[in-house]
Amino acid sequence: MGKEMKTCLVIGASPAENPRYLLRYCQGDPLVICADGGLAQAAACGIAPSLAVGDFDSFRGSLPEGLPVLPLDERKDDTDMLAAVHAGLKQGCRRFVLAGGLGGRLDHSYGNFCVLHFLLSQGCEALLAGEREEAFLVGEGQTRRLACETGATVSVFPFACPVCNVSYTGMRYPLDHHDLYSDISRLPMGVSNVVEEQGASIAVHRGTALVIVNLEE
């Protein structure tokens, strides 16, 4: 039996009507790192982090006493989320859940897609999570089973590549080795598929696919 991968839960600052959605990602006793304002989100649902990372421009309040802190300069290249990911990698984590990383500011959400791409390049498993949606990348030669309920809508787009070739199972609109293009002159065929079977999957035969799952309609 292979050694189980160590999981890191990074909590970001994207706003949520009910931050307690974060609790669904706490199973298995992950290493919890808060990225800047993610401290407030964690505190709102009683999650105790092991580390806080950031320049703390979005956190209002006092840092918890005794909490290890990795301070960052405001003039930096990495986002707080990426800096937290680097901290998790140094702790030996190979599976990442980036919660509080979708919704709110669009530029931050897109930046977090890029963090997913970095983690893919490092051979790590990664999930980007918001209150009502999740996103992940599937690399060339990989297959990802969907953990969502039937009826969830799923959209798939090429990411960091002009075209990706994909196959779907258990979806309302199945595909078999079909090309999806990022070229705006071509129809964006990856939008709003529907999960119809438990264990539905997406396989990528060429390129990289960004998968966005809407958990609620």
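## Exercises: charges, burial and fold in a predicted model

The 17 positive and 26 negative charges of the protein have mean positions 4 Å apart. Lys and Arg count as positive, Asp and Glu as negative, while His and the chain ends are not counted. Each charge is placed at NZ of Lys, CZ of Arg, CG of Asp or CD of Glu.

This is a predicted model: local features need pLDDT of at least 70, side-chain atom pairs count only at pLDDT 80 or more, and totals for chains, interfaces and linings use all residues. Residues are numbered from 1 along each chain as its sequence is written, and side-chain values use heavy atoms, with hydrogens and water left out.

### Exercise 1. Overall form

Describe the fold and the dimensions of the protein.

Solution. 
- Step 1: count the elements. The protein has three helices and 14 strands. These are DSSP runs, numbered from the N terminus: helices are H or I of at least four residues, strands E of at least two.
- Step 2: check the radius of gyration. For 217 residues, a compact globule would have a value near 17 Å; the protein has 18 Å, which agrees. The radius is taken over C-alpha atoms, and the globule rule is 2.2 Å times the number of residues to the power 0.38.
- Step 3: box the chain. Along the principal axes, the C-alpha atoms fill roughly 55 × 40 × 35 Å.
- Step 4: look at burial. Of the 217 residues, 48% are buried. Buried means under 20% relative accessible area, exposed over 50%, and partly exposed in between (1.4 Å probe, protein chains only).
- Step 5: look at contacts (heavy atoms within 4.5 Å). Take those between residues at least 6 apart in sequence: 63% join residues at least 24 apart.

### Exercise 2. Salt bridges

Find the salt bridges and place their partners.

Solution. 
- Step 1: state the rule. A salt bridge needs a side-chain nitrogen of Lys or Arg within 4 Å of a carboxyl oxygen of Asp or Glu. Side chains of opposite charge can pair when their charged atoms come close.
- Step 2: search the whole structure. Six salt bridges turn up.
- Step 3: take Arg-172 and Glu-196. Their side chains meet at 2.8 Å, N to O. The pair links distant parts of the chain, 24 residues apart: Arg-172 lies in the loop between β10 (163-169) and β11 (178-181), Glu-196 in the loop between β12 (193-194) and β13 (201-206). Arg-172 is partly exposed at 42% relative accessibility, and Glu-196 is partly exposed at 43%.
- Step 4: take Asp-179 and Arg-206. Their salt bridge spans 3.2 Å, N to O. Strand β11 holds Asp-179 and strand β13 holds Arg-206, 27 residues apart. Asp-179 counts as partly exposed because its relative accessibility is 22%. Arg-206 is partly exposed at 40%.
- Step 5: take Glu-131 and Arg-132. The closest N and O atoms are 3.7 Å apart. Glu-131 is buried at 14%, whereas Arg-132 is partly exposed at 33%. Both join Glu-17 in a network of salt bridges.
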